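Please have the model open beside you as you read the points.

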Amino acid sequence: MPAIQSNNHRLYLRCRKLKAILRLIGKYERIVRNNPLDDTHFLTSRLGSVFDQRSSQVSIITPVPIGTRPASVLSLYAPGVTVVLIVAAAAFGLRQIPGLTSFSPMILAIFLGMLYANLVAVPPETSAGVKLMGKSVLRLAVALLGFQLTLAQVFAVGFAGMAMLAALVGSTYAITLAVAKIIGVDLSLARLIGAGTAICGASAVAAADSIRNGPEEDVAYAIGCVTLFGTISMLVYPIIGTAMGLEPKSYGFWSGASIHEVAQVVAASFQYGTDAGETGVVVKLSRVLLLAPLLICMAALARRAEGRETGSLSITQVFPIFVIGFILAMLASSLDIVPDSLRQLLGQITPMLLTASLGALGLGTTFRSIRARGVRPLVLAGFATLFIASGGLLASRLLG
């Protein structure tokens, strides 16, 4: 009898062990399934269940937190991040070639990424790192842009000037969407073209892409459009300004209010003289300040349909976190909270992050998908450029 009781007791303990393990496996099954890094060994460590053979008891150890295997995380993201950094470095190097200095490294990076993706092919193991750089790092870079802007720029332009800029930006974006509906351009792409034309070219396209959920090919197409027409504007503005006999400050306001990229504004405005160049840069940076309000409006409009379905919109849907970061960074810069040395450092890091992010977007773009869009988006971008150029010229004449 004692032997039978002993055997029954051991059988009871073993059943208890098995029951505890099954309960733990059921508890962590969903976590493990959603974690691509887990393998058999990691599964065991995550469950934290061990047999204490000496005491015949199940000892439950505190679960091992995510990140116990940094080598696996590194191997997941490192290949893609490395490829993206190589593309970004090549873009900065390519910009040193005469004839390409007027192009921002962000523009060069996305086209280099496209060339690599279409001529060489991106290895599948790089997808996680490329996605990280094209999404999360992009949002971080947009937020850091706020440290390069201050409210003092608003006061330099004046209330009337800022009102003109706000009206010009809003009307350009709205008319771009309206014309897109008429000529049959997908609104997801039209929003990117409208933002890039209305605000600051590639940077605004990248920021707007963080709000909408569309194919990466749209980003490449939109950047190609605003780059093409921004470059044309950079070349023809000085000719038109001279032919019309514009005053330097009027010309500077016109170029800053309507040319797409900051680098293009610098090239076009300083070609007209120092006064025109300084005015153009200040007006352009004041126009960049309107990026945050535009993104907030885009987010609210993009989520409106979803809000009708669910009944309400969350604060992060109307005010994306990276836009809030952009505004807080701008306020910190305006109040001189940020040391000059740190601000200068961030001013060097931010363009690098933006360049890398756009290079990552280029790596996910194929020429076939761009060709499928046709020429209508290009026509739309040309119309938007003519609209903002005409409106900017009118505003500069009204302001005297």
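1. A nonpolar core is a set of buried Ala, Val, Leu, Ile, Met, Phe, Trp, Tyr and Cys residues joined through side-chain atoms within 4.5 Å; buried means under 20% relative accessible area, exposed over 50%, and partly exposed in between (1.4 Å probe, protein chains only). This is a predicted model, where local features need pLDDT of at least 70 and side-chain atom pairs count only at pLDDT 80 or more, while totals for chains, interfaces and linings use all residues. Residues are numbered from 1 along each chain as its sequence is written, and side-chain values use heavy atoms, with hydrogens and water left out.

2. Let's begin with the core. The largest nonpolar core has 83 residues, of which Leu165, Ile199, Leu295, Met298 and Leu358 touch the most other members. Another core lies apart from it and has 12 residues, including Tyr237, Leu246, Val265 and Ala276. Leaving out residues up to four places away in sequence, Leu165 touches Val157, Phe253, Ala257, Val283, Ser286, Arg287 and Leu290 (contact means heavy atoms within 4.5 Å).

3. Next, look at helix 12 (residues 262–270), whose buried residues are Gln264, Val265, Ala268 and Ser269. These sit on the same side of helix 12, because they cover an arc of only 115° around the axis; the arc is that of the directions from the helix axis to the C-beta atoms. Helices (H or I, at least four residues) are DSSP runs, numbered from the N terminus. Among the elements covering the buried residues are helix 10 (216–244), helix 11 (248–258) and helix 13.

4. Thr279 belongs to helix 13 (residues 274–288). Thr279 is buried, at 19% relative accessible area. Beyond its neighbours within four places in sequence, Thr279 contacts Lys249, Gly252 and Phe253.

5. How many salt bridges does the structure hold? There are two, a salt bridge being a side-chain nitrogen of Lys or Arg within 4 Å of a carboxyl oxygen of Asp or Glu. One joins Lys135 and Asp209, with the closest N and O atoms 3.8 Å apart. Lys135 is in helix 5 (residues 127–144) and Asp209 in helix 9 (residues 202–209), so this pair ties together parts 74 residues apart in sequence. Lys135 is partly exposed, at 26%, whereas Asp209 is buried, at 2%.

6. The other salt bridge is between the side chains of Asp218 and Arg373 (2.7 Å, N to O). Asp218 is in helix 10 and Arg373 in helix 18 (residues 367–373), so the parts tied together are 155 residues apart in sequence. Asp218 is buried, at 0% relative accessible area, and Arg373 is partly exposed, at 28%.

Key
Helices (H or I, at least four residues) and strands (E, at least two) are DSSP runs, numbered from the N terminus.
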